[in-house]
Amino acid sequence: MSLDMFGLRVCLMLSGYLRQAIEIYIVTHFKGRLKMVLLDGREVAKKVKLEVAALAAKFKDRYKRPPQLAVVSVGHDPASQIYMRNKEKAALEAGFLFQRYSLDKENSQEELDSLITKLNTDSDINGFLVQLPIPQQFSLDSVYAAMNPIKDSDGFHPENLGLLMSGRPRVKPCTPYGIMKILEHYNIPVSGKNAVVIGRSNIVGKPMAQLLLAADATVTMCHTKTQDLKHFTQDADIIIVAAGKAEFLDGSYFNSKAVVIDVGMHHINGKMTGDVNFKSAAEKVAAISPVPGGVGQMTVAMLLKNTVDLAFEQEARRII
């Protein structure tokens, strides 16, 4: 049998997932481009949710009750209502109990803080979050200051962000955590790679940089005010785009070995798009996450993972 024929047979025997992993490795280590690999967040989220469901069943078996997640909304933002329903559906499917609390924009900051205090002291609630965005008259700083950090499912409390910065995370902000899971699932090497994070928010950009640093990447932080952005992105191995501007980057910003994670979500003419012009970038890069179907799916999955992890920690503290 010729070497070429042997190689063909081996390739045919490989699973789709393994073949994708090999393609990613070759593209990110050597010159040339095989084909663009779609980083399917739905596939990865499905795997994480199965793992979370197993942990939730284990928690219920051990402590005779399921873990419970609560979400607080303020106002009636239509997109927020959709996100809350998605979280409720995912939580119930994973074996959680779920509670929704709704305040009007006419409610006061004190009423919101009082609700948070109530959730802090409810021993049946293992984790909760305040759905963003909230009306401008409310203070996010006040919200997070009032929250018990051991019930902070989003990972945004100053104590939890400080633990992340110090390399001892209790929980990790959900979107960056989900991105790291995508990279892990597709066997995309991070250690020693040049990573560019575009965006500097406390929700994505800053914690994303910390997680990449913890994985031994060399990290450059950029944003919409960065001059000559292409200078940084064109040499990068991994680019996380959380700029908050629709189709801010096209294929000219990336090299052929680049792995691009698009965090943006924008509704334009009835369609959802990201911070990256997907069609243009997909013709150039080695791998890219789609919008929709990429990072958004992972954010909910990692929210559940954080909540069940917090549930186990709370019970361990009670035993101690």
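Student: What share of the contacts in the chain with a separation of 6 or more comes from residues 24 or more positions apart?

Tutor: Contact here means heavy atoms within 4.5 Å. Take the contacts with a separation of 6 or more, and residues 24 or more positions apart account for 71%.

Student: Before we go on, what kind of model is this, and which pLDDT cut-offs apply?

Tutor: Residues are numbered from 1 along each chain as its sequence is written, and side-chain values use heavy atoms, with hydrogens and water left out. It's a predicted model in which totals for chains, interfaces and linings use all residues, side-chain atom pairs count only at pLDDT 80 or more, and local features need a pLDDT of at least 70.

Student: How many helices and strands does the chain have?

Tutor: Both are DSSP runs numbered from the N terminus: helices are H or I with at least four residues, strands are E with at least two. On that basis, the secondary structure comes to 12 helices and 11 strands.

Student: Is Val 72 buried or exposed?

Tutor: Val 72 lies in strand S2, residues 68–74. The cut-offs are under 20% relative accessible area for buried and over 50% for exposed, with partly exposed in between (1.4 Å probe, protein chains only). Val 72 has 0% relative accessibility, so it counts as buried.

Student: Now the helices: how is H8 oriented relative to H9?

Tutor: Two packed helices are described by the angle between their axes and the distance between the axes. Axes are lines fitted to C-alpha atoms over the stretch in contact, with angles from 0 to 180 degrees between N-to-C directions, and H8 (174–185) packs on H9 (205–214) at about 40°, axes 9 Å apart. Angles under 35 degrees count as roughly parallel, over 145 as roughly antiparallel, 65 to 115 as roughly perpendicular and the rest as oblique. So H8 relative to H9 is oblique.

Student: How do the residues of the H8 contact with H9 divide?

Tutor: Pro 176, Tyr 177, Ile 179, Met 180 and Leu 183 of H8 meet Pro 207, Met 208, Leu 211 and Leu 212 of H9. Ala, Val, Leu, Ile, Met, Phe, Trp, Tyr, Cys and Pro count as nonpolar, Asp, Glu, Lys and Arg as charged, and the others, Gly among them, as polar. The contact of H8 with H9 divides into no polar, no charged and 9 nonpolar.

Student: How many charged residues are in the contact of H3 with H8?

Tutor: H3 (residues 41–63) and H8 pack at about 100°, with axes 10 Å apart, so H3 is roughly perpendicular to H8. H3 brings Gly 41, Glu 43, Val 44 and Lys 47, and H8 brings Lys 181, Ile 182 and His 185. They divide into 2 nonpolar, 2 polar and, for charged, 3.

Student: Which residue does a cis peptide bond join to Val 291?

Tutor: Omega of this bond is about 0°.

Student: Last one: what is the phi of Asn 269?

Tutor: Asn 269 sits in the loop between S9 (266–268) and S10 (271–273), and is exposed, with a relative accessible area of 77%. Asn 269 isn't a glycine, yet its phi is positive, at about 50°.
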